[in-house]
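Subject: Structure handover

Hello,

Here is the structure I said I would pass on. Please open it alongside this email, as the notes below refer to it throughout.

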Amino acid sequence: MIGRLNHVAIVVPDLAAAAHMYRTSLGAKVTEQLPLPDHGVTTVFVELPNTKIELLHPLGAGSPIQNFLDNNPSGGMHHVCYEVVDIHSAIAQLVKDGARVLGDGQPKTGAHGLPVVFLHPKDFCGTLVELEEIKAA
Ligand code: CO
């Protein structure tokens, strides 16, 4: 069902400092900050040859990652995102197998403008999993 690792997301307390660290200390290609008010986050992408690292910082009141940052003040790994070709069939299969899809169980438009869902961490080894539907190659 799952294909490539699309990204690993890390919540950070200081986005500029995190971007600088990836750009200079680690020598990676890093994008500019992109505010996504609909998602309550500002993102920076670290573009690696084989995947991406998504640096996340809360944006606005009621950000979905504010609690995570409160509980992990130095930041931490937030989720992994796997690519799927058909998100509706993936959801149907996972629900049949007893996995819990967060929210109303329907895909939403994610940070890259593609349909995404999040799966309950307790069903996936304590890791929040995002599925993103990519266009078939
Ligand atoms: Co993500």
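Predicted model: local features only at pLDDT ≥ 70, side-chain atom pairs only at ≥ 80, totals over all residues.

Metal site

The cobalt ion takes its protein donors from four residues: His7 and His79, each through NE2, and Glu54 and Glu130, each through OE. These donors lie 2.1 to 2.7 Å from the ion. Along the chain their spacing reads H-x46-E-x24-H-x50-E. The two glutamates bring together distant parts of the chain, with Glu54 in strand 5 (residues 52-58) and Glu130 in strand 9 (residues 128-133), 76 residues apart. Both Glu54 and Glu130 are buried.

The geometry of the cobalt site is irregular, the angles among its 4 donor atoms running from 80 to 174°. A site with four donors counts as tetrahedral if all angles lie between 85 and 135 degrees, and the range found here goes from 80 to 174°. Water is not among the atoms, so sites may look incomplete.

Pocket

The largest pocket has a volume of about 550 Å³. Its lining consists of 27 residues, and those nearest the centre are His39, Pro64, Val116, Phe118 and Glu130. Glu130 is also one of the protein donors of the cobalt ion. At least two lining residues come from each of strand 4 (41-47), strand 5, strand 6 (76-84), strand 7 (108-109), strand 8 (115-119) and strand 9.

Asn6

Asn6 lies in strand 1 (residues 5-11). Its relative accessible area is 5%, so Asn6 counts as buried, the cut-off being under 20%. The side chain of Asn6 makes a polar contact with the side chain of Glu83, at 2.8 Å. Leaving aside neighbours within four places in sequence, Asn6 is in contact with Thr51, Lys52, Cys81, Tyr82, Glu83, His112 and Glu132.

Leu34

Strand 3 spans residues 34-36. Not counting residues up to four places away in sequence, Leu34 touches Val41, Thr42 and Thr43. The C-alpha atoms of Leu34 and Phe45 are separated by 8.9 Å, and the two residues are 11 apart along the chain.

Regards

Notes:
Residues numbered from 1 in each chain as written. Heavy atoms only, no water. Donors = N, O, S within 2.8 Å, 3.2 Å for Na, K, Ca; no water. Tetrahedral: all angles 85-135°; square planar, octahedral: opposite > 155°, others 65-115°. Helix = DSSP H or I, 4+ residues; strand = E, 2+ residues; numbered from the N terminus. Buried < 20%, exposed > 50% of the residue type's maximum accessible area, 1.4 Å probe, protein only. Contact = heavy atoms within 4.5 Å. Polar contact = N/O pair within 3.5 Å; in protein donor to acceptor, adjacent residues only side chain to side chain. 1 Å grid on protein atoms, 1.4 Å probe; cavity = no way out; pocket = protein on both sides within 12 Å on 5 of 7 lines; lining within 4 Å. Points joined across faces, edges and corners; volume = space filled by probe spheres on them.
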